[in-house]
Amino acid sequence: MTSDPLAPLDLAFWNIDSDRHPMHLGALGVFETHSPTAGAHAADLLAARAAAVPGLRMRIRDVWQPFAFGGAAREPDPGFDPLDHVRLHAPTGDFQQAAGHLMQRPLERGRPPWEAHVLPGADGTSFAVLFKFHHALADGLRALALAAAVLDPIDMPAPRPRPPEPPRGLLPDVRRLPGLLRGALSDVGRALDIGASVAVSTLGMRSTPALTSEPSGSRRTAGVVVDIDDVHRIRKAVGGTVNDVVIAVVAGALRRWLDERGDGSEGVAPRALIPVSKRRPRTAHPQGNRLSGYLIRLPVGDPDPLARLAAVRTAMDRNKDAGPGRGAGAVALLADHVPALGHRLGGPLVAQAARLWFDILVTSVPLPGFGLRLGGHRLAAVYPYAPLARGQSLAVAVSTYRGRVHYGLVADAEAVPDLDLLARAVTEEVAALNDACAP
């Protein structure tokens, strides 16, 4: 039985997983239909197709061999049964409420760590599928590829072949030693730079208790759809990128939400972690998280929506100039320099430290520009969900699909019982930015 050792960052995600803070990604896809049995048919299709996707048959097991002690590896599950992973539920009138309950359930670690939950709509005009993938199995791009493999077939461009790696000898080539030494010194310098940036990021800032919470293990989700034309109109009026506008909308929505719930937004500037994928597009390498990140202060305390957007744009430009390999947001890159046993022993400590590093996650999950279908039924909306870090009460994921921007909100259900207010604030903030950009 062949196995594939987990990359360091995958191993980190595997070891910080816990019952109250499961480390799985999610995506809720809503499909249009005119048949009350479409959901049941979709579940049958997903189960049949999953059996033929090698990546969905991979389980993760711990490794206790010499030189890999404390590590873990992916390997084919000899007892794989797709019916253990694809589940058909009773009809529901609220897809988001059902998704929240399902997102709080950890994935079973003894078998391939993914699930697909089919939720028929109570009115018979739609059904939803909630995909869950453990972060050790897939990052956002890999999760998209795995989900697309069980949807209706589509014509995808062939991946570019990965250049072959040179054979490795038992001893390093002496001609490479100067380069290896320079690389090691560079890595040390970068690690010191990242550590110093993390320390500095904790100084002189005001977060808000609304973004921190003791773990309850409960989850609540919400979804918001924004017209991409509105986002482009704002971007063209003030400059910057679509992602700048998306992040500024989160800052403004948080301000509205904090004021409405009575917590107050004056002086609040929470640190947002913006993950950055280092995976090259259209490459054939199937496994392993390749992530860094940017860390910015969200200008929640600024009352002017255009000033908030300008502050976000400036902060993101500064991060891009420095690159994703430097600064406090690049902490994930340090995982490459920690031995497997260090990940195993230090995982709980790392999980506890997340709240010291950032206050809220705001991530973008790419989706294809063409329409997706399941059983011939059109995917009308898709809401991405990010895992919730220990000690934090809210995470935001965003995807653009078919001319619309979809915000997926995940919160600790006990800490944020009013997540619907934040969802409404997202819509209001887009309107406010549009008004501010009007001639």
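**View A. Strand β2 sits inside the structure.** Seven of the nine residues in strand β2 (residues 24-32) are buried, so β2 is largely enclosed by the rest of the structure. Please keep in mind that this is a predicted model.

**View B. Strand β2 meets strand β7.** Here β2 and β7 (residues 126-134) pair in the antiparallel sense, with nine bridges between them. Two places to look for are Ala 27, whose bridge partner in β7 is Phe 131, and Gly 29, which stands opposite Val 129.

**View C. Strand β2 meets strand β13.** β13 (residues 377-385) runs antiparallel to β2, and six bridges join the two. Val 30 is found opposite Ala 381 of β13.

View D. Six strands line up in the order β5-β6-β7-β2-β13-β12, with mixed pairing. The edges are β5 (86-88) and β12 (373-374), each of which pairs on one side only. Helix α2 (residues 38-50) lies across β5, β6, β7, β12 and β13, at about 170° to β5. Helix α3 (residues 95-103) lies across β2, β6, β7 and β13, and runs at about 20° to β7.

**View E. The largest nonpolar core and a second one.** Of the 49 residues in the largest core, Leu 254, Leu 298 and Tyr 407 touch the most other members. Helix α7 (residues 242-261) gives this core its largest share, 11 residues. Leaving aside residues up to four places away in sequence, Tyr 407 has contacts that include Val 246, Val 249, Val 250 and Tyr 383. A separate second core has 32 residues, among them Phe 127, Phe 131, Ala 147 and Leu 372.

Methods: Residues are numbered from 1 along each chain as its sequence is written. This is a predicted model: local features need pLDDT of at least 70, side-chain atom pairs count only at pLDDT 80 or more; totals for chains, interfaces and linings use all residues. Side-chain values use heavy atoms; hydrogens and water are left out. A nonpolar core is a set of buried Ala, Val, Leu, Ile, Met, Phe, Trp, Tyr and Cys residues joined through side-chain atoms within 4.5 Å. Buried means under 20% relative accessible area, exposed over 50%, partly exposed in between (1.4 Å probe, protein chains only). Helices (H or I, at least four residues) and strands (E, at least two) are DSSP runs, numbered from the N terminus. Contact means heavy atoms within 4.5 Å. Two strands pair if DSSP finds at least two bridges between them. Axes are lines fitted to C-alpha atoms, for helices over the stretch in contact, and angles run from 0 to 180 degrees between N-to-C directions.
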